[in-house]
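Reader: I would like a close look at a single part of this model. Pick one and show how it sits among its neighbours. Give me the cut-offs as you go.

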Amino acid sequence: MAIGEKTSKLVMTAMMMCLIIVATMFFKIPIPFANGYVHLGDAMVFLSVLVLGIKHGVFASAAGSALGDVLGGFAIWAPWTLVIKGVMALIMGLLVKAATKEPTNGTIPRVTAAQAVGMCIAGLWMTAGYYAAEGVIYGNWAVALLGIPWNVGQFATGAALAVGLSASLCKTPARRYFVRRW
């Protein structure tokens, strides 16, 4: 990878981390009868994998999501989020890589049905991960059940937004900056 590509990848990774933090902290809806919230950060998690590829997408997703928790006043969730969102991005990235048969020539792939299924599987992992985290943190598995439908809605909304944003980015002149090596 040339120096210009390394710099571009570093800048894009930092930018995606920032977008994840902003989408997590500032676009949130409190969950009734629970202590958490839903947010638009998952859209940026999915988009970071599509834009950056697996390695940098996982890093941006895990670090950005955990920093969003810390900076947003939910530091107790940060270690859980680091792992859950990192594995979520990894699952999605591996499935996107498997579903992308044609070479992408360094551009964002168009999201296919198989890639959308990858987002759903990654989202189901996230839902299960947060169910386990809530059960441990709250010490009550019944209360943790309240978060499941909200987490499903969060990743479904995030997947829909990521598909739309990815399709839009594919059509821009800036697509050449999205250099990804799967």
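Author: From the N terminus on, the elements run α-β-β-α-α-α-α-α-α. That is 7 helices and 2 strands in the chain. Helices (H or I, at least four residues) and strands (E, at least two) are DSSP runs, numbered from the N terminus.

This is a predicted model: local features need pLDDT of at least 70, side-chain atom pairs count only at pLDDT 80 or more, and totals for chains, interfaces and linings use all residues. Residues are numbered from 1 along each chain as its sequence is written, and side-chain values use heavy atoms, with hydrogens and water left out.

Of the 182 residues in the chain, 43% are buried. Buried means under 20% relative accessible area, exposed over 50%, partly exposed in between (1.4 Å probe, protein chains only).

The part to look at is helix 4, residues 78-99. Start with its length. The expected span is 1.5 Å times one less than the number of residues.

Now its buried face. Ala78, Thr81, Ile84, Lys85, Gly86, Met88, Ala89, Met92, Gly93 and Val96 are buried in helix 4. An α-helix has 3.6 residues a turn, so residues three or four places apart point the same way. The buried residues of helix 4 pack against strand 2 (37-39), helix 2 (41-52), helix 3 (54-71), helix 5 (113-138) and helix 7 (147-170). Contact here means heavy atoms within 4.5 Å.

Two of those partners, helix 2 and helix 7, also pack on each other. Their axes are 7 Å apart, at an angle of about 40 degrees. Axes are lines fitted to C-alpha atoms, for helices over the stretch in contact, and angles run from 0 to 180 degrees between N-to-C directions. Helix 2 and helix 7 are therefore oblique to each other. Under 35 degrees counts as roughly parallel, over 145 as roughly antiparallel, 65 to 115 as roughly perpendicular, and the rest as oblique.

The crossing of helix 2 and helix 7 is right-handed. That is, the near helix is turned clockwise from the far one by less than a right angle; anticlockwise is left-handed.

Helix 3, another partner of helix 4, meets helix 1 (residues 3-26): their axes come within 8 Å and cross at roughly 35 degrees. This crossing, too, is right-handed.
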